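This report is written for someone meeting the structure for the first time. Please keep the sequence and the three-dimensional view at hand while reading.

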Amino acid sequence: MSLTPNDPQPCSLTRFLIEEQRAGHIEPDLRLLIEVVARACKRISIAVGKGALGGVLGDAGRPGEASVNIQGEAQKKLDVIANDVLMEANAWGGHLAGLASEEMDHSQPIPDEFPRGRYLLLFDPLDGSSNIDVNVSVGTIFSVLPCPRQGCDPVDADYLQPGTAQLAAGYCVYGPQTTLVLTVGHGTHVFTLDREVGSFVLTGRDIRIPQQTAEFAVNMSNQRHWQPPMQAYIGDLLAGKTGPRGKDFNMRWVASMVADVHRIMTRGGIFAYPLDAKCEAKGGKLRLMYEANPMAFLVEQAGGAATTGRQRMMEVAPAALHQRVPVFLGSRTEVEEAGRYHREHDAGTG
Ligand code: P6P
């Protein structure tokens with residue numbers, strides 16, 4: 001193996017992060033944090049990959065007594081396993097002040113027995129878990145914020161920072177490949193797990209989402225519950241070539257945000273989970289802090305856009321740790337078009 005610096009050897013996640021640190025893009029402790037999260041994702045990938053052979057399918061809790069999380073959703077066994085893996089991996093390294101998870105009612109400070117760092121980690125340990133039992137891709141989503149206060153236990157309020165405050169964000173999709181997609185604010189980069197070596201290898205540096213698209217992702221079964229601007233927007237997409245958009249559109253819906261977003265990262269598209277009559281009272285279906293904001297950071301860093309339909313996602317001022325929001329993200333031109341329908345409706349001109 002040649003040691004010359006310009007040797008076209010595969011770039012591991014570790015080498016990439018060292019280069020980002022040398023470039024002044026990240027601090028050493030943030031590099032450590034990302035490495036720890038990536039290692040935890042490898043362990044989750046192994047557990048997910050075992051499926052029925054690992055006894056990890058099905059609902060958590062005792063038979064007949066489903067375990068329900070703060071979201072009011074039945075927890076899968078793998079939800080709990082993934083959450084435990086991330087909590088254990090991040091407890092002792094000294095790089096974190098606290099953690100918050102979709103699966104936990106409140107945030108948790110790092111235990112007193114361990115040193116505290118300057119970062120807060122938020123995550124959805126296993127997004128799309130309703131797909132686990134049918135062998136459809138699922139994933140982990142994470143977001144890193146600065147801890148605003150030092151020398152005291154961080155509380156939920158310390159996490160309520162807008163998406164623009166994020167220092168890093170990523171997801172790991174457990175599909176045919178295990179793929180980590182990461183940003184530290186200087187582009188969005190893709191790493192594929194080399195299972196033989198056990199390390200993530202850079203397979204996509206500074207990826208760009210196509211500005212235009214002819215593919216949308218939405219759960220059409222909610223159509224009758226949508227607000228008028230969403231009805232009009234999707235109606236015009238479905239009208240295709242003979243309609244106002246003048247072209248035909250394709251539709252995809254995996255019902256696993258990580259899988260749908262990864263497709264959009266790879267070939268463009270728009271992902272929409274708008275307000276509907278079913279979720280309006282809760283503010284939406286998807287969670288702001290550990291789903292919408294990290295995905296918005298990744299998408300914007302790849303040249304795309306992410307909004308609530310009416311506001312840039314990363315400028316939403318969080319009011320609660322498990323706050324939900326409507327989500328439109330993906331190809332910039334298409335997200336802006338969806339926003340136009342909402343703007344014109346609200347102005348009474350649409
Ligand atoms: P629906 C999975 O439960 C999730 O949180 C996202 O991963 C996904 O995009 C969405 O919900 C799917 O929602 O209503 O289509 O099942």
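This is a predicted model: local features need pLDDT of at least 70, side-chain atom pairs count only at pLDDT 80 or more; totals for chains, interfaces and linings use all residues.

The protein is divided into two parts, domain 1 covering residues 13-204 and domain 2 covering residues 215-347. Taken over C-alpha atoms, the centres of domain 1 and domain 2 are separated by 24 Å. Where the two meet, 48 residues of domain 1 are in contact with 30 residues of domain 2.

The size of an interface is often given as the accessible area lost when the parts come together. For domain 1 and domain 2 the area buried between them is about 2,800 Å², and 64% of it lies on carbon and sulfur atoms.

How many salt bridges are counted between domain 1 and domain 2? The count is 1 salt bridge. The side chains of Arg 287 and Glu 102 meet in a salt bridge, with 2.8 Å from N to O. Polar contacts between domain 1 and domain 2 are counted as well, and they come to 13 residue pairs, with both residues of a pair at pLDDT 80 or more. On the side of domain 1 that touches domain 2, at least two residues each are supplied by β1 (96-101), β3 (119-127), β4 (138-146), α4 (156-159), β5 (168-174) and β6 (178-183). By residue type, this side of domain 1 divides into 22 nonpolar, 20 polar and 6 charged residues.

## Salt bridges

A search of the whole structure finds 20 salt bridges, and the table sets out some of them.

| Side chains | Distance, N to O |
|---|---|
| Arg 287 and Glu 102 | 2.8 Å |
| Glu 215 and Arg 263 | 3.5 Å |
| Glu 336 and Arg 332 | 3.6 Å |
| Arg 340 and Glu 337 | 2.4 Å |

The salt bridge between Glu 215 and Arg 263, at 3.5 Å, links distant parts of the chain, since Glu 215 lies in strand β9 (residues 215-217) and Arg 263 in helix α6 (residues 257-267), 48 residues apart. Both Glu 215 and Arg 263 are buried.

Two further pairs are found within helix α8 (residues 332-346). Glu 336 and Arg 332 are 4 residues apart in this helix, so about one helical turn separates them. Glu 336 is partly exposed, with a relative accessible area of 44%, and Arg 332 is partly exposed at 30%. Arg 340 and Glu 337 are 3 residues apart in helix α8, and therefore they too are separated by about one helical turn. Arg 340 is partly exposed, with a relative accessible area of 28%, whereas Glu 337 counts as buried because its relative accessibility is 18%, and buried means under 20%. Elsewhere, salt bridges that share partners join Glu 215, Asp 260, Arg 263 and Arg 267 into one network.

Is His 189 buried or exposed? His 189, which lies in strand β7 (residues 188-194), counts as buried because its relative accessibility is 4%. The side chain of His 189 reaches the backbone oxygen of His 186 at 2.9 Å, and a polar atom of that side chain lies 2.9 Å from the backbone nitrogen of Asp 206. Leaving aside neighbours within four places in sequence, the contacts of His 189 include Phe 16, Leu 180, Leu 202 and Asp 206.

Asn 90 has its place in helix α3 (residues 77-91) and is buried, with a relative accessible area of 1%. The side chain of Asn 90 reaches the backbone oxygen of Leu 86 at 2.9 Å. Beyond the neighbours within four places in sequence, Asn 90 is in contact with residues including Leu 33, Val 36, Leu 99 and Leu 121.

## Two partly exposed residues

Ser 12 lies in the segment before α1 (13-22) and is partly exposed, with a relative accessible area of 24%. The side chain of Ser 12 reaches the backbone nitrogen of Arg 15 at 3.0 Å. Not counting residues up to four places away in sequence, Ser 12 touches Phe 200 and Val 201.

Glu 280 is found in the loop between β11 (270-273) and β12 (286-287), and at 40% relative accessibility Glu 280 counts as partly exposed. Not counting residues up to four places away in sequence, Glu 280 touches Gln 227 and Leu 275.

Note on methods:
Residues are numbered from 1 along each chain as its sequence is written. Side-chain values use heavy atoms; hydrogens and water are left out. Buried means under 20% relative accessible area, exposed over 50%, partly exposed in between (1.4 Å probe, protein chains only). A polar contact is a pair of N or O atoms within 3.5 Å; within protein, one must be able to donate a hydrogen and the other to accept it, and residues adjacent in sequence count only if both atoms are side-chain atoms. Contact means heavy atoms within 4.5 Å. Domain bounds come from an automatic or database domain assignment. Buried area is the accessible area (1.4 Å probe) that two parts lose on being put together, summed over both. A salt bridge is a side-chain nitrogen of Lys or Arg within 4 Å of a carboxyl oxygen of Asp or Glu. Ala, Val, Leu, Ile, Met, Phe, Trp, Tyr, Cys and Pro count as nonpolar, Asp, Glu, Lys and Arg as charged, and the others, Gly among them, as polar.
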